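Dear colleague,

Please find below the structure that I am handing over to you. My notes on what was found in it follow directly after.

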Amino acid sequence: MTKLKESKSYKVFKVVNTILMILISAATLYPFLYLVAQSFSSEAAIYAGKVTILPVDFTASTYLSVLSKGEFILYYKNTILYTIFGTIISVMLTAMLAYPLSKPKLRLNKYIAPFIIFTMYFGGGLIPNFVLMNKLGLRNTVAAFVIPGLISTYYVLLMRSFFAGMSSEIEEAAEIDGLGKGGVFFKIILPLSKPILATMTLFYGAGYWSNWFSAFLYLDDKSKWPVAYYLRQIILGATTTSEVGANDAASAQIAANIRSCSMVLMVIPLLIVYPFVQRYFVQGMMLGGVKE
Amino acid sequence: MGERKKKMSSAKHNQPLMAHIRKYWQLYLFMLIPIVYFVVFRYLPMFGSAIAFRKYRAGSSLFGDRYVGLRYFEQFIRDQSFWRAFRNTLTLNLSYLTVRFPLTLIFALLLNEIRKLHWKKFVQTVSYLPHFISMVVIAGMVKEIVSANGPINQLVKFFGGDPITFMSAQEWFPTIFITSGVWQALGWGTIMYLAAISSINPSLYEAAKMDGANKFQQALYITVPCILPTITTLLILDIGGLVGSGAAFEKVFLLYNSMIYESSDIVSTFVYRMGVGSSNYSYATAVGLFEGMINLVLLTVANKLSKKVSGSGLW
């Protein structure tokens, strides 16, 4: 009798849980759908508040006008370039630090590891970093954009846990076969580390793709801007007209199309790459964990 | 003869370490560039915080040029806008943590109850996604959704209310901050919990079933206690960040404006305006250093407490 009752309440729970999960997924996706809807709607429809989830007065002209603007294409190209360039260096350097750190036989690790990990809990702060970058003459260079996030301590630790979990027998066998320690790393370890490399590529790549703040601090030269910084400029422009004053509503609404459209264009590459890498990073994070 | 002997003994003294490095030189070489990076771009700025105690002018060295003691600290302690920023940082972070932390745990437990694998994967994929979206886009989305003719105000109008100018109303900022934060972090926050849950020994559940425990009891008496170390670790990290900015800086910086400083200005945005904005480098560095020290202390205390209570900590 009680057993039947239990399974009944569990059935109820399962239904409620499913509904809850549907609601959460819908709430997560809604803002994206809203942006897409706005980007394909006419200015008038947005202005009248008709757009809620589907495009109203469907038009693709916003995309055409944004993509025909030379500056948007330039910023987009910059972002692609910075992301590829930055991600390759970041993943390489992170692996080159994490791999030796995963070897307990390296005696100096007991000094190097705390030295690296401490930076997770304490840092110089915004201004000393800003002063340093300027003193080094990195202002207006791509280096200023890439350097602040070049190596993430947290990612080093994630990668270290991955390497630590690999069997050392293969390495020993390879060493006996005459491969040096460096050869083992490049020829044996890296090819076996695809899950963590894919994870790191996504994490660092998304970081560079998203970064507007370094550009804001260091890139005065407009032709070097990444698209994220351009977005920041047009979104900030929105504060001054539509939200605050609202007396220039018409021109602010023209921007609403363009804003949404630019945001959609910025998110799309991530949406394409993300599902492929997702299974790797769940695996990678599970092996990792925050614990030092 | 005597000299030779001396040389040999010193060589012998150094031998273990030198031989060790020689044996593993390739591995140590790998670490060289990353370590140089940490020295220059992580540790040098820490020492650059010296300008909190020294006057810094354009053209001074990285460490400023004249020692002025605690002058800048005294200045910001007397500054009302600093305290406003400090208060906002604490209240925003604390209320965000209070809302997000339990929700994340509950969401993880609920995800864990999904039996259909494809459905579970779908919910996970969708809910992790916002973690990877640029804060610029998040801020843009927030502004579109709460704008004068956006969906929220459509709802307000539907129920007969007057449209609200959310972005210039200071009483709305905490709600916007917390809601958008939960939206972005809820799914990602479950990863660690799900990882911990997946490593629980299934025989525990078997035994509980034999003893007649239902699903709710199993979650309460097996799952939660088993992932307690993970819960504590994540809580410590969060507590350590209570006064810090983390991701909050970008979001606040992109969403606030001078009309709503009263409820939105946080320490890191204050540091930005004082430092980069008005070139009071020393003053801003002093504030930043103060923030960093408090964080370090909070983290240490939380870690000690957690070690005492649950036996596990960050270090």
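I begin with a detail in chain A: Gly178(A), which follows helix H9 of chain A, has a positive phi, near 100°. Helices here are DSSP runs of H or I with at least four residues, strands are runs of E with at least two, and both are numbered from the N terminus. H9(A) itself covers residues 168–176, and zero of its nine residues are buried, so the helix lies largely in the open. A residue is called buried if 20 or more other C-beta atoms lie within 10 Å of its own, exposed if there are 12 or fewer, and partly exposed in between, with C-beta atoms placed from the backbone.

Two remarks on the source are needed. The model is predicted, and local features need pLDDT of at least 70, side-chain atom pairs count only at pLDDT 80 or more, and totals for chains, interfaces and linings use all residues. Residues are numbered from 1 along each chain as its sequence is written, while chains are lettered from A and ligands numbered from 1 in the order in which they are written.

The two chains

Chain A contains 14 helices and zero strands. Of its 292 residues, 38% count as buried. Among the contacts in chain A with a separation of 6 or more, 70% are between residues 24 or more positions apart; a contact requires that the C-beta atoms of two residues, placed from the backbone, lie within 7 Å.

Chain B has 15 helices and two strands. Its radius of gyration is 26 Å, well over the 20 Å that the globule rule gives for 315 residues, so chain B is more spread out than a compact globule. This radius is taken over C-alpha atoms, and the globule rule is 2.2 Å times the number of residues to the power 0.38. Along its principal axes, the C-alpha trace of chain B spans about 100 × 65 × 35 Å. Buried residues account for 38% of the 315 residues in chain B. For contacts in chain B with a separation of 6 or more, the share from residues 24 or more positions apart is 65%.

Where the chains meet

In the interface, 79 residues of chain B are in contact with 79 residues of chain A. On the side of chain B that touches chain A, helix H2 (residues 25–48) of chain B gives the most, with 16 residues. By class, that side of chain B has 50 nonpolar, 23 polar and six charged residues. Ala, Val, Leu, Ile, Met, Phe, Trp, Tyr, Cys and Pro count as nonpolar, Asp, Glu, Lys and Arg as charged, and the others, Gly among them, as polar.

Helix packing in chain B

Helix H6 (residues 135–145) and helix H12 (residues 247–255) of chain B pack at an angle of about 45°, with their axes 9 Å apart. Axes are lines fitted to C-alpha atoms, for helices over the stretch in contact, and angles run from 0 to 180 degrees between N-to-C directions. H6(B) and H12(B) are therefore oblique to each other; angles under 35 degrees count as roughly parallel, over 145 as roughly antiparallel, 65 to 115 as roughly perpendicular and the rest as oblique. Residues from H6(B) in this contact include Met135(B) and Val142(B), and those from H12(B) include Glu250(B) and Leu254(B).

A second pair is helix H11 (residues 228–240) of chain B and H15(B), which pack at an angle of about 160° with their axes 8 Å apart. H11(B) and H15(B) are therefore roughly antiparallel to each other. Their contact has seven nonpolar, six polar and no charged residues.

Helix H14 (residues 267–277) of chain B has eight of its 11 residues buried, so it is largely enclosed by the rest of the structure. Phe270(B) and Tyr272(B) are among the buried residues of H14(B). What covers them includes helix H6 (126–135) of chain A, together with helix H4 (80–113), H12 and helix H15 (281–310) of chain B. Just after H14(B), Ser279(B) takes a positive phi of about 60°.

A loop residue in chain A

Ile53(A) lies in the loop between helix H2 (43–47) and helix H3 (61–68) of chain A. With 10 C-beta neighbours inside 10 Å, Ile53(A) counts as exposed. Leaving aside neighbours within four places in sequence, Ile53(A) is in contact with Leu33(A), Tyr34(A) and Ala37(A).

Yours sincerely
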